[in-house]
Each structure stands twice: as C-alpha cells, then as structure tokens.
Amino acid sequence: MQQLQSNEKQMLEHERFAFLGQMIGGLAHNLKTPIMSISGCIAAADGLIDECLQSLDDPVVTADDYREIYGEIRDWLGKVQDASAYMSDIITAIKGQATNVSASEESVFTLDELIKRTTLLMRHELVSSGCTLIPECDTRKNITLRGDINNLIQVMGNLISNAIYAQKQVGGGNIIIGMNEEDGQLMLYVKDTGTGIPENVRKRLFKEMVTSKGTQGSGLGLYISNAVVRGKFGGSMWAEENPGGGTIIGMTIPLDETNHGRANVVKGGDAL
C-alpha cells in the first residue's frame with residue numbers, strides 16, 4: 001500500500017511538472033502582449049506630455065485643450081493599469097501551479113475563479129491553435145468548491161489541452177466549458193467538436209493509461225486527473241460522445257448545500 005501511494009505521488013508530481021512546463025512555455029507569449037501594450041501606452045503618454053510642454057506659451061491653446069490632453073493621458077495610464085493587472089493575474093496563476101502537488105492547501109473557491117485562472121493559463125495554447133474557450137454556466141447560482149484549487153486547475157487544464165488537440169485536427173473552433181447540477185452532483189465538462197475518441201479507447205479512459213493521440217500522447221494526464229478528482233474531491237470522471245461531433249469529458253463532484261462537503265451551491269448568488 002505504501003509503495004502504491006508512493007507511485008501515485010510520483011505520477012502526480014510528474015504530471016504537475018509536465019503541466020507546469022507547458023504553462024511556462026507559454027508564459028513569454030502571455031506576457032509579451034501586455035508588455036508591448038504598456039510600452040506603447042508610455043510612448044503615447046510621453047508624446048502628449050511633449051505636446052503640452054511645446055504649447056505652454058501658445059496663446060491659441062486653451063484650458064479645454066489641455067483638459068483634453070490630460071484626459072487622453074489618463075486613458076493611456078488606465079490601459080497600463082489593465083495590462084499590469086493581467087500580468088499580475090497570470091503570474092499568480094502560474095505561481096499557484098508551482099506548489100508541490102502533495103502539499104494540499106484546502107480552501108473554498110468559486111467556480112468562476114477556477115475557470116478564470118484556467119483560462120489565463122491556457123490562453124497561449126488556445127490562441128496559437130485557433131480555438132476559443134466559451135464558458136456555459138448557470139448564472140443564477142454561485143458555485144463554491146472546497147479543496148486545493150491548483151489541483152482542479154491542473155485537471156481542467158488537461159481536459160482543455162486534450163480538447164485543443166482534438167479541435168486542431170478540424171482547423172480550430174469553439175471549446176465549451178459547461179456545468180449543470182443533477183441529483184446532488186455538480187457536473188463540470190469540456191466539450192469539443194473535434195475528431196472524437198474511438199469507442200474502444202473511450203471505454204478504457206481513466207482505468208488505464210490509454211490515449212488516442214498515438215505517439216503524441218501517453219494517457220497519463222487523464223489517468224492522473226481521475227485520481228485527483230477521486231482522491232481529493234470525492235468525485236469521478238467520465239467521457240461520452242458529443243452528439244454534434246467530438247467528445248465531452250467531465251467530472252462529477254458531490255454537492256453539499258450545508259457547506260460541509262466538497263462543493264456548495266449558493267442559491268441566487270453572484271453571477272458567474
């Protein structure tokens with residue numbers, strides 16, 4: 001039993017480092033756009049300051065002209081602030097993934113936060129593959145989850161990465177993150193309209209390390225994801241054929257409205 005637990009921890013660490021490596025690989029691309037934006041904004045604001053200085057002794061320039069220039073400078077500074085906030089978010093998300101998978105940091109977090117941080121981490125892979133991530137969640141409920149958010153980000157990232165691979169085979173397109181509540185269970189899923197998974201492979205998913213990617217996959221990601229969902233969130237994973245073509249892969253986590261379980265639904269809460 002100790003050997004099995006040790007092996008599972010090693011596989012979890014291996015998958016976490018693989019996921020972290022993928023995220024760091026896209027970090028430069030994720031930060032390049034906001035850095036270029038900040039540089040452009042500073043240059044524009046600097047030009048406006050020069051314009052102010054050059055017009056100080058110009059009797060034609062009125063107070064309203066200066067107010068207009070100051071307003072433009074403020075707009076550029078607002079864009080700098082937005083770009084800085086985005087960089088802060090992406091660094092925080094990646095920092096969270098760098099924590100040791102065996103060091104559980106249990107807390108309560110929202111489904112909205114989970115999707116936001118996962119989207120930030122997957123942004124480069126989505127853009128470079130021509131895919132768009134579309135959340136489809138019930139905005140009438142505020143879903144909170146209990147556990148280590150970094151573990152679930154890893155699982156969601158793996159599902160989205162697999163959907164991106166499938167979607168790329170058909171030239172990109174939309175990938176759906178969906179959610180519904182059924183019989184006291186929260187169901188989270190990722191849906192693509194790609195090439196699909198052969199039935200003989202789909203039946204063996206989560207039970208063994210099997211893949212439909214050939215030499216480009218190992219099957220370790222879904223196998224470990226299932227272990228995380230079962231062991232740390234008391235749930236299970238599943239896969240089915242998408243009626244519109246492609247695959248739907250998701251997880252089911254028990255709901256507990258008393259807030260003593262793995263997940264909680266707050267009726268009439270903030271919109272996702």
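The questions and answers below go through a predicted model of a protein, from its overall make-up to single residues.

Residues are numbered from 1 along each chain as its sequence is written, and side-chain values use heavy atoms, with hydrogens and water left out. In this predicted model, local features need pLDDT of at least 70 and side-chain atom pairs count only at pLDDT 80 or more, while totals for chains, interfaces and linings use all residues.

Q: What makes up the secondary structure of the protein?
A: There are 6 helices and 8 strands. Helices (H or I, at least four residues) and strands (E, at least two) are DSSP runs, numbered from the N terminus. Along the sequence the pattern reads α-α-β-α-β-β-α-β-β-α-α-β-β-β.

Q: Why is serine 225 called buried?
A: Buried means under 20% relative accessible area, exposed over 50%, and partly exposed in between (1.4 Å probe, protein chains only). Serine 225 has a relative accessible area of 4%, so serine 225 counts as buried. This residue is found in helix α6.

Q: What does serine 225 touch, not counting residues up to four places away in sequence?
A: Serine 225 touches Val155, Asn158 and Met237. Contact means heavy atoms within 4.5 Å.

Q: How much of the protein counts as buried?
A: Of its 272 residues, 43% do.

Q: What makes a set of residues a nonpolar core?
A: A nonpolar core is a set of buried Ala, Val, Leu, Ile, Met, Phe, Trp, Tyr and Cys residues joined through side-chain atoms within 4.5 Å. The largest one here has 41 residues, and those with the most contacts inside it are Leu114, Leu152 and Met251. Helix α4 (149-168) is among the elements that each supply at least two residues, and the largest share, 9 residues, comes from α4. In soluble globular proteins, nonpolar side chains tend to be buried together.

Q: Which residues is leucine 114 in contact with, leaving aside neighbours within four places in sequence?
A: Leucine 114 is in contact with Phe109, Leu145, Ile149, Leu152, Ile153, Met156 and Leu188.

Q: How do you know that β2 and β4 are paired?
A: Two strands pair if DSSP finds at least two bridges between them. β2 and β4 are joined by 6 bridges, so they meet that condition, and they run parallel. Leucine 133 has isoleucine 175 in β4 as its bridge partner.

Q: Which other strands pair, and in what sense?
A: β4 and β5 pair in the antiparallel sense over 7 bridges, and glycine 178 has tyrosine 189 in β5 as bridge partner. β6 and β7 are joined by 6 bridges and also run antiparallel; there, the partner of tryptophan 238 is glycine 250 in β7.

Q: What lies between β4 and β5 in their hairpin?
A: The two strands have 2 residues between them, and aspartate 183 in the turn has a positive phi of about 50°.

Q: What is the strand order of the open sheet, and why do β2 and β6 stand at the edges?
A: The sheet has 5 strands in the order β2-β4-β5-β7-β6, with mixed pairing. β2 and β6 (236-241) each have a single partner strand, so one side of each is left without a neighbour in the sheet. The twist averages 20° from one strand to the next.

How values were computed: Axes fitted to C-alpha atoms, helices over the stretch in contact; angles between N-to-C directions.
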